[in-house]
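Please prepare a briefing on the fold and the aromatic contacts of the structure shown below, with the cut-offs stated.

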Amino acid sequence: MNTAFIMVDIQKDYFKGGRNELFRPDKALTHAQEALTLFRGKKLPIVHIQCILLEDNATFFLPGTEGIQPHEGILPEPGEKVIVKHTPDSFFQTELQQHLESLNVTRLVICGMMSHICIDSTVRTANRLGYEYEVLVLDDACTTRDLLWDGTVIPAQTVHNTFMASLDGTFAQVIPTSSLYERI
């Protein structure tokens, strides 16, 4: 089974000093690095997804800013594909699916930021495209932020847990990075 690793939006704006700092992004980064090392060691396909927002009302991931750059901890190496997207879904109006098809990829490992937007929409599209249960989401290599609903703050950990629970078993298998070693 040909497995590809997709890292979504692990970019500077989500870290300390960025325009949209997330909840414990360094912890998610550490686990993403662990998976990245595994995939590099096995010489399996790696895709870096980079978001650049073009809407007039965007407040982060703005074109030409430092915040759109990948975090130094996961910089692409030669041969690793970088795909730019402008919406939450990594497949929408990008070459991601064509790239995966060209490599005969049948299984995806996905991680990144934010759990409730870009990870959710990317995983659901992967399922719709036919990957079904061949999508693994690295729970501890994803993160998000607090949300506000109806005057109530929903803590980031609750947001993250809710989205992981909604994906698991229906759209993907949500696993800790530590169990990836026995599955790849």
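**Helices, sheet and aromatic pairs**

Helix α3 (residues 115-131) lies across β1 (3-8), β3, β4 (107-113) and β5 (135-143), and runs at about 165° to β4. Contact here means heavy atoms within 4.5 Å, and angles run from 0 to 180 degrees between N-to-C directions of axes fitted to C-alpha atoms, for helices over the stretch in contact. The model is predicted, with local features needing pLDDT of at least 70 and side-chain atom pairs counted only at pLDDT 80 or more, while totals for chains, interfaces and linings use all residues. Residues are numbered from 1 along each chain as its sequence is written, and side-chain values use heavy atoms, with hydrogens and water left out.

- The open sheet has 6 strands in the order β3-β2-β1-β4-β5-β8, with parallel pairing, where two strands pair if DSSP finds at least two bridges between them.
- At the edges stand β3 (81-85) and β8 (173-175), each of which pairs on one side only, and the twist averages 25° from one strand to the next.
- Strand β2 (residues 46-51) pairs with β3 in the parallel sense over 5 bridges, and H48 stands opposite V82 in β3.

**Aromatic pairs**

- A search of the whole structure finds 4 aromatic pairs, a pair being rings of Phe, Tyr and Trp (its six-membered ring) with centres within 6.5 Å, where planes under 30 degrees apart count as stacked, over 60 as edge-to-face and the rest as tilted.
- The rings of F5 and F39 are stacked, because their centres are 4.9 Å apart and their planes stand at 20°.
- This pair links distant parts of the chain, with F5 in strand β1 and F39 in helix α1 (residues 25-42), 34 residues apart.
- F5 counts as buried at 0% relative accessibility, as does F39 at 0%, buried meaning under 20% relative accessible area, exposed over 50% and partly exposed in between (1.4 Å probe, protein chains only).
- Y14 and F60 form a tilted pair, 5.7 Å centre to centre with 50° between the planes.
- Y14 lies in the loop between β1 and α1 and F60 in the loop between β2 and β3, 46 residues apart, so that this pair too links distant parts of the chain.
- Y14 is buried, with a relative accessible area of 1%, and F60 is buried at 14%.
- Ring pairs link Y14, F60 and F61 into a cluster.

How values were computed:
Helix = DSSP H or I, 4+ residues; strand = E, 2+ residues; numbered from the N terminus.
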